[in-house]
Amino acid sequence: MNLSNYGIAEGRLTRNPVILNNKDGSRKVKFTLAVRDNFKSADGTKSSQFVSLEAFIRAGRETNGIYDMIHKGDLVKARYTVKSSVYTDKDGNNVFCQSLLIQELQFGESKATTDARAANAHSCVKDDFPF
């Protein structure tokens with residue numbers, strides 16, 4: 001692991017992952033985590049940041065692995081690296097992008113806890129991301 005180019009984010013999925021198929025048979029998985037700030041605001045509350053992550057699934061894999069098992073609201077921990085890329089848009093301009101590419105993903109709570117939270121979610125009035 002390159003200690004100069006990695007991060008760890010722990011949070012809840014804001015919605016179900018999106019899986020995009022590439023022409024070569026590989027797939028890209030995209031999702032966003034609501035990650036709790038590690039500091040409190042002046043009024044004593046903690047806010048959340050929304051972190052967009054991507055994963056690459058190589059061609060030839062029959063399943064999407066853990067990405068088939070995660071859903072909106074699940075608590076996960078992602079270890080990622082920062083990837084920079086450049087592409088040329090339709091007007092011939094270079095566009096510089098950065099993405100957070102997942103190297104490892106783990107569940108942050110047991111399946112029983114996840115299932116119980118999902119069962120109770122139907123009674124919630126608004127979306128929140130308790131940790």
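**Strands, core and a pocket**

Trainee: In what order do the elements of the protein chain run from the N terminus on?

Mentor: They run β-β-β-β-β-β-α. Keep in mind that this is a predicted model.

Trainee: OK, and how many helices and strands is that in the protein chain?

Mentor: The count is 1 helix and 6 strands.

Trainee: What share of the residues is buried?

Mentor: Buried residues account for 28% of the 131 in the protein chain. As for the accessible surface, the protein chain has about 9,100 Å² of it, and carbon and sulfur atoms hold 49% of that.

Trainee: Let's go inside. How many residues are in the largest nonpolar core?

Mentor: That core has 17 residues. The ones with the most contacts inside it are F31, L33, L53, Y67, I70, I102 and L105.

Trainee: And which elements give two or more residues to it?

Mentor: Strand 1 (7-13), strand 3 (27-36), strand 4 (48-57), strand 5 (75-88) and strand 6 (94-107) do.

Trainee: Pick F31, then. What does F31 touch?

Mentor: Leaving out residues up to four places away in sequence, F31 touches L13, P17, V51, S52, L53, Y67, I70, I102 and L105. Of these, L53, Y67, I70, I102 and L105 are also on the list of residues with the most contacts inside the core.

Trainee: Why does Y6 count as partly exposed?

Mentor: Because its relative accessible area is 35%, and partly exposed runs between the 20% limit for buried and the 50% limit for exposed.

Trainee: Switching to pockets. What's the volume of the second largest pocket?

Mentor: About 190 Å³. Its lining consists of K28, E54, A55, F56, K83, S85, C97, Q98, S99 and L101.

Trainee: Which strand supplies the largest share of that lining?

Mentor: Strand 6, with 4 residues. Strand 4 and strand 5, like strand 6, each supply at least two.

Trainee: How do the lining residues divide into nonpolar, polar and charged?

Mentor: For the second largest pocket you get 4 nonpolar, 3 polar and 3 charged.

Methods
Residues are numbered from 1 along each chain as its sequence is written. This is a predicted model: local features need pLDDT of at least 70, side-chain atom pairs count only at pLDDT 80 or more; totals for chains, interfaces and linings use all residues. Side-chain values use heavy atoms; hydrogens and water are left out. Buried means under 20% relative accessible area, exposed over 50%, partly exposed in between (1.4 Å probe, protein chains only). Accessible areas come from the Shrake-Rupley method with a 1.4 Å probe; for residues, only the protein chains shown count as cover. A nonpolar core is a set of buried Ala, Val, Leu, Ile, Met, Phe, Trp, Tyr and Cys residues joined through side-chain atoms within 4.5 Å. Contact means heavy atoms within 4.5 Å. On a 1 Å grid over the protein atoms alone, a cavity is a set of points where a 1.4 Å probe fits but cannot get out, and a pocket is an open set with protein on both sides within 12 Å along at least five of seven lines; lining residues have an atom within 4 Å of a point. Grid points are joined across faces, edges and corners, and a volume is the space filled by probe spheres set on the points. Ala, Val, Leu, Ile, Met, Phe, Trp, Tyr, Cys and Pro count as nonpolar, Asp, Glu, Lys and Arg as charged, and the others, Gly among them, as polar.
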